[in-house]
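The sequence and the model are shown first.

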Amino acid sequence: MKVTYTSVLVMAMLSLLLSSQVLVSTAVTCSPYQLASCAGAMMSSSTPPSSDCCASLSEQKPCLCGYMRDPSLRSYVNSPNSRKVAKTCNVPLPNC
């Protein structure tokens with residue numbers, strides 16, 4: 001079986017395209033609004049986080065450093081209640 005340079009190049013490009021599609025489909029859109037279900041738990045220590053909150057927090061985990069660096073969000077993300085919510089949801093807060 002003879003393999004040509006063109007066929008190898010086409011297969012390599014196809015592999016690259018398929019792998020990039022997987023990466024794009026798993027990308028997270030960073031939006032603090034995605035954490036709206038956590039607002040009650042983050043504002044009050046007596047309100048436990050819901051399963052929706054924990055799922056959203058877990059999904060937004062790659063975005064948390066950006067939220068911690070944002071002056072308008074920093075106080076909410078770094079608050080004791082937010083840390084409690086993250087701990088309850090088993091989502092470790094990153095060291096940024």
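The sections below go from the overall fold to the core, the pocket and selected residues.

## Overall fold

The model is predicted. Its secondary structure consists of six helices and zero strands, in the order α-α-α-α-α-α from the N terminus. The protein has 96 residues, and 25% of them are buried.

Contacts between residues at least 6 apart in sequence were also examined: 67% of them join residues at least 24 apart.

In soluble globular proteins, nonpolar side chains tend to be buried together. Here the largest nonpolar core has 16 residues, and Leu35, Cys38, Leu57, Tyr67, Val85 and Cys89 are the members that touch the most others. Two or more residues of this core come from each of helix H2 (39–43), helix H3 (51–59), helix H4 (64–69) and H6.

Leu35 is in contact with Ser56, Leu57, Gln60 and Tyr67, when neighbours within four places in sequence are left aside. Two of these partners, Leu57 and Tyr67, are themselves listed among the core residues that touch the most other members.

## Gln60, a buried polar residue

Gln60 lies in the loop between H3 and H4. Its relative accessibility is 0%, so Gln60 counts as buried. Beyond residues up to four places away in sequence, Gln60 touches Val28, Thr29, Cys30, Ser31, Gln34, Leu35 and Tyr67.

Which residues of H6 are buried? They are Asn81, Ser82, Val85 and Ala86. Viewed down the axis of H6, these residues fall within an arc of 140°, so they line one face of the helix. An α-helix has 3.6 residues a turn, so residues three or four places apart point the same way. The buried residues of H6 pack against H2, H3 and H5, while Pro80 and Lys87 are exposed on the other side of the helix.

Asn90 is in the segment after helix H6 (80–88). This residue has a positive phi of about 60°, although it is not a glycine. With a relative accessibility of 67%, Asn90 counts as exposed.

## The largest pocket

Rolling a probe the size of a water molecule over the atoms shows where empty space is left. The largest pocket holds about 340 Å³ of space. Its lining is made up of 17 residues, and those nearest the centre are Pro32, Leu35, Met42, Tyr76 and Val77.

At least two lining residues come from each of H2, H4, helix H5 (74–77) and H6. H2 gives the most, with three residues. By class, the lining has 15 nonpolar and two polar residues, and no charged ones.

At 13% relative accessibility, Val77 counts as buried, the cut-off being under 20%. Apart from residues up to four places away in sequence, Val77 touches Tyr67, Met68, Ser82 and Leu93. Among these, Ser82 belongs to the buried residues of H6.

Note on methods. Residues are numbered from 1 along each chain as its sequence is written. This is a predicted model: local features need pLDDT of at least 70, side-chain atom pairs count only at pLDDT 80 or more; totals for chains, interfaces and linings use all residues. Side-chain values use heavy atoms; hydrogens and water are left out. Helices (H or I, at least four residues) and strands (E, at least two) are DSSP runs, numbered from the N terminus. Buried means under 20% relative accessible area, exposed over 50%, partly exposed in between (1.4 Å probe, protein chains only). A nonpolar core is a set of buried Ala, Val, Leu, Ile, Met, Phe, Trp, Tyr and Cys residues joined through side-chain atoms within 4.5 Å. Contact means heavy atoms within 4.5 Å. On a 1 Å grid over the protein atoms alone, a cavity is a set of points where a 1.4 Å probe fits but cannot get out, and a pocket is an open set with protein on both sides within 12 Å along at least five of seven lines; lining residues have an atom within 4 Å of a point. Grid points are joined across faces, edges and corners, and a volume is the space filled by probe spheres set on the points. Ala, Val, Leu, Ile, Met, Phe, Trp, Tyr, Cys and Pro count as nonpolar, Asp, Glu, Lys and Arg as charged, and the others, Gly among them, as polar. The arc is that of the directions from the helix axis to the C-beta atoms.
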